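Biologist: Before we discuss the assignments, I should like each term to be set against its definition. Please take them in turn.

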Amino acid sequence: MLNHSISEQNNTDLEHLFKSQLLTSTLWRSSSAEDRIARLKKIRTWIKDHQQEIRNALKNDFGKPESETDLSEIFPVTAEINHSIKKLHKWMTPKSVSTPLPMLGTSGSIYHEPKGRSLIIAPWNYPFNLSIGPLISALSAGCPVILKPSEMTPHTSELISKMISELFDPKEVAVVLGGIETSQALLKLPFDHIFFTGSPTVGKIVMKAAAENLSSVTLELGGKSPAIVDEDADCKDAAEKLIWGKYVNCGQTCIAPDYLLVHESKLENLFSEMKVAIQKMYDPDFKGIEKSPDMARIVNDKHFNRLTEIIEDALSKGAQLVFGGNSDQHTRYIEPTILRNVSDEMQVMEEEIFGPILPVKSYTSLGEAIDYVNSKPKPLALYFFGVNAEQSSKVLRETSSGNAVINDCVLHYLHMELPFGGVNNSGIGKAHGYHGFLAFSNEKGVLKQRVGLNNVTLLRPPYGIKAKQIIASLIKWF
């Protein structure tokens, strides 16, 4: 296994590791569903046997509560495995397509072949889930993988390295540990596919590097995901869902509601219900939220300082605290914070927050809210709270986002039949279930033609009158 620093020798090691997976890539191209399922089951068994170790690693990296680890790190992975095991035979079966009239006499089908050697670069915010989830898709598709977990969560990264080394030969799946230099070295290699989860800024760097080798990419990025609370929304229901979606993992979630747009008639009621929801979830015994066993911590001092500066910047420019604002540098604790009277000149409205800070703006008409969303880069997710079907349909029609949820938030990530991913600035390509399988697969169109006389026999040179008549008919009617 490669060590944490990178040198000229390690660059050579990376190239050797990459080359060692070429034969595996060729062999796995004809692997059966049973072969692939066996690999998935090995991972599932390991997770079951080492669940407490996974919890401990996440606890050590950023104080993640065990139940939250089970729900947001382990369950999505085991659900992905179980779903893939159940569906893989169907996904791998060649799919027949209908035959257009000009192609009469032929038959067409779509084969799914593995793209080949793949690179997965995972983020720190859900370090187990977002490392192993894409790996499940790659193995389902039949691709060997080099996995680069985040250096910012070293305990979880070491655990992942241990897991993979116990389950796979490096020629099949290998974990490479290291920082930015390691990622840069890996991105120079001509992978068949690159799956990156992270920020839009780094996503552009990954895409540029991939272009040098014409490697295909799946970019799971982020951005400022809005939540619209309309005039007929149930404030209590919306508040409880928004508070959970925003503050799970201490707000360090790419699909967390990043800002609220609330109809002015619902603003005060929603604030009241959100305060109640925070108290109910994180301080039911009135001992202080900082003592809650269910509130995670910020991953490191750099992000803690960034987030406290965002709060200070907003308050200095006229924002008002609705709730929270307190923090503790020593424990990297930031209280769930809600801000009102925010403006676009504040950092909190300029960049993805990735922390437990929720800015709120009001609107007077739904069209105003839609215009505001459309003035920003396309988000990874959009949430709408309201019971009027015409209003929710209007939002879906007139906005663009990677995914959308009506009357809830973040829950779509757990729906294995839905494609997950962004659009433009918030991502390229989709993941999860069949869509993850497709991300690592080449959809190969296969046409079978009869031997002898066929539908194009009369269309070969020399082009006589008959051939020209047939070509003219094709243009006119088909």
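**Terms and values**

Modeller: A search of the whole structure finds zero disulfides (a disulfide being a pair of cysteine sulfur atoms within 2.5 Å). This is a predicted model, in which local features need pLDDT of at least 70 and side-chain atom pairs count only at pLDDT 80 or more, while totals for chains, interfaces and linings use all residues. Residues are numbered from 1 along each chain as its sequence is written, and side-chain values use heavy atoms, with hydrogens and water left out.

Biologist: How do you know that Cys 250 is in no disulfide?

Modeller: The nearest cysteine sulfur, that of Cys 254, is 15 Å away.

Biologist: Why is Cys 250 called buried?

Modeller: Buried means under 20% relative accessible area, exposed over 50%, and partly exposed in between, with a 1.4 Å probe and protein chains only. Cys 250 has a relative accessible area of 0%, so it is buried. Cys 143, at 0% relative accessibility, therefore counts as buried too.

Biologist: What makes the span of helix α5 agree with expectation?

Modeller: Helices are DSSP runs of H or I, at least four residues, numbered from the N terminus. The expected span is 1.5 Å times one less than the number of residues. For the 13 residues of α5 (residues 129-141) this gives 18 Å, and the end C-alpha atoms are 18 Å apart, so the two agree.

Biologist: What makes α5 mostly covered?

Modeller: Of its 13 residues, 13 are buried. Gly 142, with a positive phi near 95°, follows α5.

Key: Helices (H or I, at least four residues) and strands (E, at least two) are DSSP runs, numbered from the N terminus.
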